[in-house]
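Please examine the structure shown below together with its sequence. The briefing that follows is arranged by topic.

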Amino acid sequence: MAHHGNHKEEHHHVTPLEIFHKVFIALIGLTVLTVVTSLYDFGMMNMVVAMAIASLKAALVIMFFMQLKYDNILNQLCMISAILFVAIFILITASDVIVRDNGRPMRIEKAAQGGDDPALMNKLRAVTDDQVAKGKVLYANNCASCHGATGGGDGPGAAALNPKPRNFLSGEWKYGSSPTRIFTTITNGVKGTGMSSYSGMSVEERYALVHYVRSISPQKSDDSAEDLKAAGLDGDFSKFKPKQMVDVGIVMENMAQVDQVELPQDRQKFSDHPGAKLYAQHCASCHGLSGQGAKVTAVGVNPPIALYTTSWNGLQAGWIQDSSAFKKIVSEGLTGWGKPGIGHFNSDEWSQLYSYARALSGR
Amino acid sequence: MSGHHEVHYVEGTKHAIPHHFNSGYHEFDASKMGMWVFLVNEILLFSALFVAYAMFRAKDPVMFHEASHQLNKWMGGLNTIVLLFSSLTMALSVGYLQRNNTKRASQMLILTFLCAATFMVVKYFEYSHKFHAGLLTAKFYTFEGISAGHPGLFFSLYFMMTGLHGLHVLIGMGVIAWVWWRTRRGDFNEHYFTPVEVTALYWHLVDLVWIFLFPLLYLIG
Amino acid sequence: MSVANSDVNYINSPKGLWSWLVTIDHKRIGIMYLFTTLAFFALGGIFALLLRIEHLTPGRTIMDANQYNIAFTLHGAIMVFMFIVPNVPAAFGNFFLPIMIGAKDVAFPKINLLSYYVFWLGAILAVCAIIFGGVDTGWTFYTPYSIRTNTAVIFMASGAFIMGMSSILTGLNFIVTVHKLRAPGMTFFHLPLFIWGIYATAIIQVLATPVIGMTVALLIMERVFGIGFFDPALGGDPILFQHFFWFYSHPAVYIMIVPGMAIISEIIPAFSKKTIFGYKPIAYSSLAIAFASFIVWGHHMFTSGQSYLASLLFSVATIIIGVPTAIKIVNWVATMYKGKVSWETPMLYAMAFIFMFSIGGLTGLFHISLAVSVHLHDTYFVVAHFHYVMMGGTVMAMLGGLHYWWPKMFGVMYNECLGKIGAALMFIGFNMTFGSQFIMGNLGMPRRYYDYAERFQPLHQVSTVGSWFIAASFLLTMSYLIYSLFKGKKAPANPWDAKSLEWTIASPPPTENFLTDPVVTEPYPYGTPNKARSHA
Amino acid sequence: MLEFLQRLKFPLPQASTFAPKVDLLYDFIFYSSVFLFIPTIVAMIYFGWKYRTKPNDNREVPYIDGHHTFEWFISAFVGVIFFIIFVWGLIGFNELHNPPAGTYEIGVVGKQWMWEFNYSNGKTTRNELYLPKGIPVKLVMSSPDVLHSFYVVNFRVKQDVVPGMYTTLWFQADQLGEHDIFCAEYCGTAHSNMLAKAIVLEPEQFKAWLQGSDPNQLTQLEIGKKIFNTRNCVACHSVTGVQTQAGPTVKGLFNRKVNLSDGTQVVANEDYIRTSIINPATHVVKGFRPIMPAFQGLLSENDISAVIAYIKSLKE
């Protein structure tokens, strides 16, 4: 077999050595450039700048050190196909992983904060001094135990926690520092940490906390378009629907079944008591007509939750022996018990109500 | 067709041209293409790690940013320059062989080998620092200085990428030592230097991978 | 051209076992690959038979659930990594690719031998996995199960990694050989279609295989160092593994089937005595399939939880890949038109191939259609579908090729009558085994189920009995083929009156392939001789 | 024949609104396939027989090396059929991906090797999924261990359950009775036994069932333990008797006398524990600081009772 095909040009390409030196100097220059640019923050462009410089360096190595510039088309095709298929690999994988992952937290956030009115959230996003002040109080009561009184992440609870609670003074943020992101963190809590979900607080309270926490942090960012989208705050809010945990029909049915308990016979005697009317007006809706306790469906709370009041029958409570304690509880309410404060009774009414309540408890 | 027992040598060397090739250049050409196809395969091999990097970075850029601060960018930069220089010396050694300057070529190969060794020594210091600090792969990660996300993932990527790259450097050192030995023995001249040429292609690819690893891991995180 | 002294050939010169073990002759390496992969086919087949027997009755028949899980994993892994991926390219490709392009050897003979031993190293690791208690992840190694199970995943994964390297070396060799070693006059459009198929396969092997290598390497790292890429507990993403896996493994499906198509493209013209219909469409469709195979992997993941966008893209891309496949089938059938069709064993297998591969291809339509795919995914429908493609396709082609080239490889003729019986048995058994599985899949029988509901029992039994036909056919075929090695009639240089270059040399070929310069013509110069241009 | 084929294909109940649509598309693909398959195979056998070679066959075979228009026609023809199949499939898939507003949500946990279903009112069932007929239901699924796949043949729906993320699936069951649920993604030893039943009830029956008691439900103790762990109570309050800096252990707490930081001593009864959960600042145990967050509004009354029951069970 004398000849195989088409090798017309049977000599090696010889590159002048000074080209190698020049290319090397260019490569060093680009390396310095990429280190220098890394000292500045271009935000999203960091990646683009760094990759552009790296690609330029790569092109120099490929073209001159590897001499692909002077090589035959087949070897050039090899390099091109490698780049092409790596691009396919990255882009198509990204079409799932990145799209899916942007979608995923969004779905969970929306599910968790579901009932929060985006219009209200949108309004409260803007910081006011009033909110910061309100937030400060809420912070002291709810957060300082772990995050520390000054926000240093060094509250007494912190010792026992792993991972450690956020230090607001460091300026480092894990789940973003924009108002909506912090709001989301407060609403959902952080799985696997001591940070519970505080979705029980009202939107106002949560935003008050957000603004207070931001006020003490040295570094924070504003809501990006992405944040707003993730929280469902982009676009029009007219489509807003409160979250439905339960099929509407079932909920309505539950609510229709508010316990209608007849007054027991042995309590009937109190019905002519002077305090009975006041009690029926102000208390019976939750505590039952005879103080027997009831399941109360709190309407207007999303999701609808049921509260239970305890039976007063045989109750051992401080107020039973102490009218001033009774007055204090009724007028100021019980923090944390869902008991609203009811005031504006005159002294006669107070004594009537107290005596009736004592009677219901069997005294 | 001449008898198949006849053996042809490349001009001025003891290299016998295998019977299925027409000429020394034919063999060189085929070998070079073989190396290029192999490099395609190498690029795709590394690409899986780059894809993993891209996906995890897109998921949690804050963590990548924080975690990358734990890498020493001056050591990374030093290694970059060392590798670029070794690429230069490797290219020069091929250039000198093409000019039949075997002596300079073998000097350049020694320089390349030393650069590779320097790279690995720097890498050793970097790794031992990571081991002591508990900056290990996700499951064994114990460092406490990074609060965001799963920083173990970044260091898993770091070790996988630099580890695979380091493995390539070690293999490259072996091959470079071998071609240096053959160069010194006088196996190569301007007509036959295929092993050095394909080694050079491989070595440039090692450099190429590092050109991307350096900014991705050390600079922008 | 002269067919010289065929007493001296690659088989008997030089002699001795050692000369075989260190040979760099592509023909000997091809033969070693052939017997090695056929042995693994038998091993994988034994596991398949055990699985089928287990399914004779619901609940326990012969093995428990863990043994069943190990058995189907080993069946899949052995068949994929150790039989079907290396079989046609490494055995037939090695033997015939250089001869058919008029070369004396592949470009890198030593690397070729290396790839054979690398394959053995991987195979030994995989066998170690069997010895150390088996693997129960399925051949797909899906995370996080493969991270958590305490079976010998590391051995099997390293085996797959190393066999992948062997596959890459083979592919690399073929690409360079096709480009650099073609005989004078052998332009790309004079290449036999077998070469086009093997070339397209080689491209996929080089581009895709490194990714599976990295994927299983990462799986090993995950188990050893806890890198967490695929472990949700450490912040990883189990679906990312599926992307990595299928980036290789879908193209790998074409590594398996394109060589099969390549063989059929040789057999059909040879036994129709007619030039191939649509040479260029068949050639280009091989390349089109090779390219498109890289953008369709996610159709294995429609129910995995991947994004809607990804499902959409992958579905539409998969549509594209269906067209070149259809083209090939139509062209093969058209080739038979007005030919002189002889119904010999290779042709029987080729026609069985067209029949079953068409079913395999068309049932693929059910999987590209998103809504139906959701229903049928991971059921026996899928199992039947890919067996119709892999076994009804590639294995039929492999058997056809084995019979077609047997005289050339060993210089002996097999028993034609037994060959036809074997082909018929295979056809019946195959359709019983897997036809019934289509119905089961429709009825919602999920795959990889050890136990099943009573209502599936009759269908499972049909399937099991069918598998015994397949086993009988395989044993019969192997028996008469091996018998022919010792007592077979001596084969002439060109028993089929086929036209490609391997038939112009002696059977078996001499060590240096061509004693005189090969005369290259167009690939299938049947019919009007005046059109058959000679490029001597 | 067609009827036989029909039966062969789908003797399956069409138990969801989705099922008839899938079956229709299935039929379309099936008949398209038959339409493509039969001519190919008939042509192959016909050519093979008609043009078979005979002894002393001296026919001259024609030289036909292709036909451009024919190739393009075939490509376009199958291309169009494939494209219809794709678009049709996409329409169905869209429907599967976009649940209508106001679906009833059920939480699904697939784990080796059982299915657990959590309903809106805290009710939990295992391996029995109760569904209201005619009401769209959305499943929010997750897994604590490995991949699973939720598959109801009669509904023609399937979705993988992936650890580390939520996947969703919706359907509207239309046929009363029991339907098989399979795990369709290989998950280990008992993969083939990871079965469940979807039990479709009339909406009224379903409501009745939902509000009724259920033997499969977690016991109060189990719920309490779950809450105690998932709400991270256990991070500060050990259940083993070990004291942390953060909070007192709850082991043996019930009915023990507790010294408070204001110097008083109370008995840790239900009321005390309840108050301590809802408004911890009320009673601070001596030696500890008031660091516990209030769980008012975060735990339902049932949850609190359950936690109390759990604490009660932790005796010295």
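D:Asn56 is exposed, because it has 5 C-beta neighbours inside 10 Å; a residue is called exposed if 12 or fewer other C-beta atoms, placed from the backbone, lie within 10 Å of its own, buried if 20 or more do, and partly exposed in between. The model is predicted: local features need pLDDT of at least 70, and side-chain atom pairs count only at pLDDT 80 or more, whereas totals for chains, interfaces and linings use all residues. Residues are numbered from 1 along each chain as its sequence is written, and chains are lettered from A and ligands numbered from 1 in the order in which they are written.

**Backbone features**

- Most residues other than glycine have a negative phi, and most peptide bonds are trans.
- D:Asn56 has a positive phi, near 55 degrees, and is placed in the loop between α2 (18–50) and α3 (68–97) of chain D. Helices (H or I, at least four residues) and strands (E, at least two) are DSSP runs, numbered from the N terminus.
- D:Asn255 likewise has a positive phi, near 65 degrees, and is part of the loop between α6 (233–236) and β11 (257–259) of chain D.
- Why does D:Asn255 count as exposed? D:Asn255 does so because 12 other C-beta atoms lie within 10 Å.
- In chain C, a cis peptide bond with omega of about -5 degrees links C:Ser13 to C:Pro14, and C:Pro14 belongs to the segment before α1 (17–21).
- Another cis peptide bond runs from C:Ser507 to C:Pro508, with omega near -15 degrees; C:Pro508 is in the segment after β2 (489–490) of chain C.

**Domains of chain D**

- The assignment, which is automatic or taken from a database, gives domain 1 (2–53 + 66–97), domain 2 (104–211) and domain 3 (220–313) in chain D.
- The centres of domain 2 and domain 3 of chain D, taken over C-alpha atoms, are 35 Å apart.

**A sheet in chain D**

- In chain D, five strands in the order β3-β2-β1-β5-β8 make up an open sheet with mixed pairing; two strands pair if DSSP finds at least two bridges between them.
- Its edge strands are β3 (124–126) and β8 of chain D, each of which pairs on one side only.
- From one strand to the next, the twist averages 25 degrees, with axes being lines fitted to C-alpha atoms and angles running from 0 to 180 degrees between N-to-C directions.
- Strand β5 (residues 137–142) of chain D pairs with β8(D) in the antiparallel sense over five bridges. D:Lys138 has D:Trp170 of β8(D) as its bridge partner, and D:Met141 is opposite D:Thr167 in β8(D).
- Strand β8 (residues 167–171) of chain D is largely enclosed by the rest of the structure, because four of its five residues are buried.

**Contact between chains C and D**

- How many residues does each chain bring to the contact? Chain C gives 75 residues and chain D gives 70; two residues are in contact if their C-beta atoms, placed from the backbone, lie within 7 Å.
- On the side of chain C that touches chain D, the largest share, 14 residues, comes from α10(C).
- That side of chain C has 43 nonpolar, 22 polar and ten charged residues. Here Ala, Val, Leu, Ile, Met, Phe, Trp, Tyr, Cys and Pro count as nonpolar, Asp, Glu, Lys and Arg as charged, and the others, Gly among them, as polar.
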